[in-house]
Amino acid sequence: MTALCEYDLDELTDIVIALGEKKYRAGQIMRHVTAFDGFGEYSDVPKAFVRILEQNYIDRAVTETTRVVSSDGAVKYLFVTHDGKLIESVFLPHDYGNSVCVSCQVGCAMGCLFCASGHYGLERNLSAGEILAQVLYIARDQKDNGGVKKVVMMGSGSPLANYENTVKFIRLITSPNGLNIGMRNISVSTCGIPDKIDALARDGFCGTLSLSLHAATDEKRKTIMRIANSYTVKQNIDALKRFFGKTGRRVVIEYILIGGFNDTDDDATKLKDLLKGVCCHVNLIPLNKTEYCDLVPCSKKRAYAFCDRLNKLGVSATVRRSMGSDVAGACGQLKNRTNEKRIDKIT
């Protein structure tokens with residue numbers, strides 16, 4: 001059966017009418033779906049109709065099994081889908097508005113050397129509703145802490161490799177009938193699929209697009225990112241320029257700093273030359289260690305020196321504040337597996 005969060009209001013209206021109820025029931029159901037209510041909480045819907053819904057649909061697309069809380073306040077959630085697949089999401093508290101980092105696939109096919117998510121390969125895509133359910137659950141769970149204001153698609157999986165579900169998720173989460181999160185508060189990350197970057201702009205996305213670059217040359221990029229064997233750095237940079245031309249939105253260059261690999265002054269100069277003419281900001285991320293990778297992070301001192309070098313070269317850059325690393329919830333550490341203690345769930 002399909003979860004109700006897979007549908008927008010128009011689709012729910014068609015469902016309600018097909019099941020013999022008046023169409024205004026769709027609005028009631030949408031409110032319950034957005035609140036992550038179970039069928040037992042549909043108090044304003046006739047019980048007989050709730051039973052019909054129960055026979056045909058699932059009320060919640062994911063269930064929490066475990067959570068761990070970082071010393072910096074980040075919360076990593078482990079969810080299970082209706083077919084028993086595990087996915088992780090991270091709640092990131094900020095003074096300027098809390099964020100949720102969601103997963104879009106079970107595992108990942110990209111096989112980036114520094115990322116734990118792809119270690120076990122790709123099992124399947126997540127549906128739009130399964131992506132949405134992660135946000136809905138956490139928004140409810142963190143309601144007393146300010147809820148959720150921003151969404152970043154930077155968890156397990158590659159959003160643009162799950163393109164149709166990513167686009168529908170964005171449509172669902174920005175809907176005035178749902179959480180109504182502004183599109184400019186949504187970030188989509190890609191390891192570099194130029195035709196899908198073009199499609200994203202063409203389909204009206206005007207949030208933040210982040211390219212996981214991590215090296216300024218094809219030669220270096222191929223040693224750490226499998227996708228670099230399919231698409232060149234130039235192809236991706238050209239796609240970013242087209243994205244900006246279509247949307248007017250500055251893009252973000254994600255750049256993981258790996259000690260002795262891509263953190264030299266020469267790397268900074270090559271990055272400056274590559275990004276000439278690109279309206280962008282460089283987000284420097286000191287490598288977060290995983291059990292699957294022997295690469296080492298650069299020192300904090302080197303990270304800020306690299307950042308200063310870029311700024312002096314005229315490239316806008318900052319070092320990202322890492323959150324959740326002590327619970328394996330930081331960038332590159334999600335692996336959809338945990339040995340942590342089970343805790344109470346929303347009921």
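**Close-ups of a predicted chain**

Figure 1. Phe36 counts as buried at 4% relative accessibility (buried is under 20% relative accessible area, exposed is over 50% and partly exposed is in between, using a 1.4 Å probe and protein chains only). This is a predicted model, in which local features need pLDDT of at least 70 and side-chain atom pairs count only at pLDDT 80 or more, while totals for chains, interfaces and linings use all residues. Residues are numbered from 1 along each chain as its sequence is written, and side-chain values use heavy atoms, with hydrogens and water left out. Phe36 sits in the loop between α2 and α3, and its phi is near 60°, a positive value in a residue other than glycine. (Helices are DSSP runs of H or I with at least four residues, strands are runs of E with at least two, and both are numbered from the N terminus.) The loop between α2 (25-34) and α3 (47-56) also holds Gly40. Gly40 is exposed, with a relative accessible area of 84%. Asp59 is 19 residues from Gly40 in sequence, and their C-alpha atoms are 9.5 Å apart in space.

**Figure 2. Helix α4, end to end.** The 14 residues of α4 (residues 128-141) should span 20 Å at 1.5 Å a residue, and the end C-alpha atoms are 20 Å apart, so the model agrees with the rule. (The expected span is 1.5 Å times one less than the number of residues in the helix.) Twelve of the 14 residues are buried, so α4 is largely enclosed by the rest of the structure. Among the buried residues are Ile131, Leu132, Val135, Leu136 and Ile138, and Glu130, Gln134 and Tyr137 are on that list too.

Figure 3. Lys143 lies in the loop between α4 and β9 (150-153). At 65% relative accessibility, Lys143 counts as exposed. For a sense of scale, pick Val252: it is 109 residues from Lys143 in sequence, and 29 Å away in space, C-alpha to C-alpha.

**Figure 4. Ser158 and its contacts.** Look for Ser158 in the loop between β9 and α5 (163-173). With a relative accessible area of 3%, Ser158 is buried. Set aside the neighbours within four places in sequence, and Ser158 is in contact with Cys104, Gln105, Cys108, Met110, Cys191 and Ile193 (contact means heavy atoms within 4.5 Å).

Figure 5. Leaving out neighbours within four places in sequence, the contacts of Thr174 are Asn180, Ile181, Gly182, Met183 and Ile186. Asn180 is also placed in the loop between α5 and β10 (186-190). Asn180 has a positive phi of about 55° although it is not a glycine, and at 46% relative accessibility it counts as partly exposed. Thr174 and Asp14 are 160 residues apart in sequence, with 21 Å between their C-alpha atoms.

**Figure 6. Asp238 on helix α8.** Asp238 belongs to α8 (residues 233-247). Its relative accessible area is 24%, which makes Asp238 partly exposed. Asp198 is 40 residues from Asp238 along the chain, and the two C-alpha atoms are separated by 10.0 Å.

Figure 7. With 347 residues, a compact globule would have a radius of gyration near 20 Å, and the chain has 21 Å, which agrees (the radius is taken over C-alpha atoms, and the globule rule is 2.2 Å times the number of residues to the power 0.38). Along the principal axes, the C-alpha atoms fill a box of roughly 70 × 45 × 35 Å. Of the 347 residues, 54% count as buried. Among contacts with a separation of 6 or more, 65% come from residues 24 or more positions apart.
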